[in-house]
Amino acid sequence: MLARMTLRGRITLGSTIVAILLLGMASAVVFAQLSVVVAEKERAVLHGITEVYRGVIQSDPTPRFDAPGPKQHVAIVAPAGDERMNTLPAPLEDRVERIIDLGPRLHHFPTKTATFTVYVDPVETPQGTWYVIATRDTDLAEEVLDDVAHLLIAVLVSAAVVFAVGSWVVAGAALRPVELMRRSAQSLVVARKGELLPTGPAKDELGALARTLNDLLERMRAAAERERQMVSDASHELRNPLAVLQAQLELVEGVDPAADAAVVDDARRTLARLTRIADSLLQLSRIDAAGEPQTMTLDDAAGVLAESVDAARLRASELREDRGVDIDFQIDIAERAHSIRLGADDLGRIVDNLLDNALAAATGDVEIGVALRQQGPTAVLTVSDDAGGFDPATAERAFERFVRGSGRASSGGGLGLAIVSRLASHAGGSAQIENHPGIGASIVVTLPVSEADTARDAGARPSPNTHHR
């Protein structure tokens, strides 16, 4: 049933139940305290009645006593057990001995017709103990308590109704921003910029929820925009090579084997470019979907760097037989056991992309320098070349996807630096360009370093700088 109720109804019901419980406990405490007060007052009244006869008994008990006042009833029992006077009401007239057996205090004696408040007062004399029993015709204490009980019940019911109505109104006012957010959310379109949930001036929990949802909405829009942009860029980048490949294959007629072989070679190069673009897009999507990055020690990073440089030298010798390519690298690490938040594959991908980017930028002989240095709490990877640098108009956007400079080889996909930037960001670092137009450029990747587990590589020692050519 509660699951079918609205939030406003559940708040009203819950708060009303709590209010009824609190008011009920307060009413019970008030009624108990009032009962004690009323009983004490009744005992005082009845004790005043018995005091009149106590004085007579202690001074000179006579065979006959004066009758009590109007609506008052008294029974007097001598030490021998004989009743000297008994004006008790009919339901109590034959129960004198039983009343005495209850003890010398105030008692509530129930009968079929009513409940009487009876006071037993023993009087000690040289002849023995007398008993004076007093009650009244009408139990005023019970009437007062009944009236108070009825009043408390009426107050409790009225307060519950008023509190329920008040809770319904207050809950409605408090939840009005939620209803506004719900209506706004129904009409919101993720792709439409500028539309957000209403927050209002209040700095409360609902405002914080609205701001959090708006932040989530902005991130979703940014992600959707990046996805649309990537699809658009990928479609544009893949369309041209596919069109070229189709045109090249249409030129294969089977008449001139030499010409056909040249066309096939061109088609193979175009297909290789398509493959590189597709592979780069796949790498970017995997980076975006990756969870926590792996870690590796700086000692392992130095090994990965050396392997990547050796592989780049081999590629350069195969692709640039007529040009001089000099790749030099340095390693300057003080604490080889410290670690970075990169896996070996990701670091190798960064170095490979940076080296390929430098090789593609050169039109003649080129010198490329690679350095891995530990600078305090960071590790800095630098790849520099003397290939003329970036076009100033391109340098600011070089880390964006599908951005290529005019001087770069047309086989590039414009995704290498984007992959480097995304991997560095995923590892908690950054990538920057130091551009020197007409001279060369340096790509600087900065990665945070954390202290390694001392149990691992406990014997690692700082190594001297190494220089390889």
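Good morning. Asp121 stands opposite Val132 in β5. The model is a predicted one, in which local features need pLDDT of at least 70 and side-chain atom pairs count only at pLDDT 80 or more, while totals for chains, interfaces and linings use all residues. Residues are numbered from 1 along each chain as its sequence is written, and side-chain values use heavy atoms, with hydrogens and water left out.

Let me place that pair of residues. Strand β4, residues 115-125, and strand β5, residues 128-136, pair in the antiparallel sense over seven bridges. Strands here are DSSP runs of E with at least two residues, helices are runs of H or I with at least four, and both are numbered from the N terminus; two strands pair if DSSP finds at least two bridges between them.

Which strands form the open sheet, and in what order? There are five, in the order β2-β1-β5-β4-β3, with antiparallel pairing. The edge strands, β2 (83-86) and β3 (106-110), each pair on one side only.

Helix α1, residues 7-59, lies across β1 (72-77), β2, β3, β4 and β5, and runs at about 35° to β4. Angles run from 0 to 180 degrees between N-to-C directions, and axes are lines fitted to C-alpha atoms, for helices over the stretch in contact. Contact means heavy atoms within 4.5 Å.

Finally, helix α8 (residues 344-361) packs with helix α10 (residues 416-426) at an angle of about 145°, their axes 9 Å apart. Among the residues that meet there are Ile350 and Leu354 in α8, and Leu417 and Val420 in α10. Thank you.
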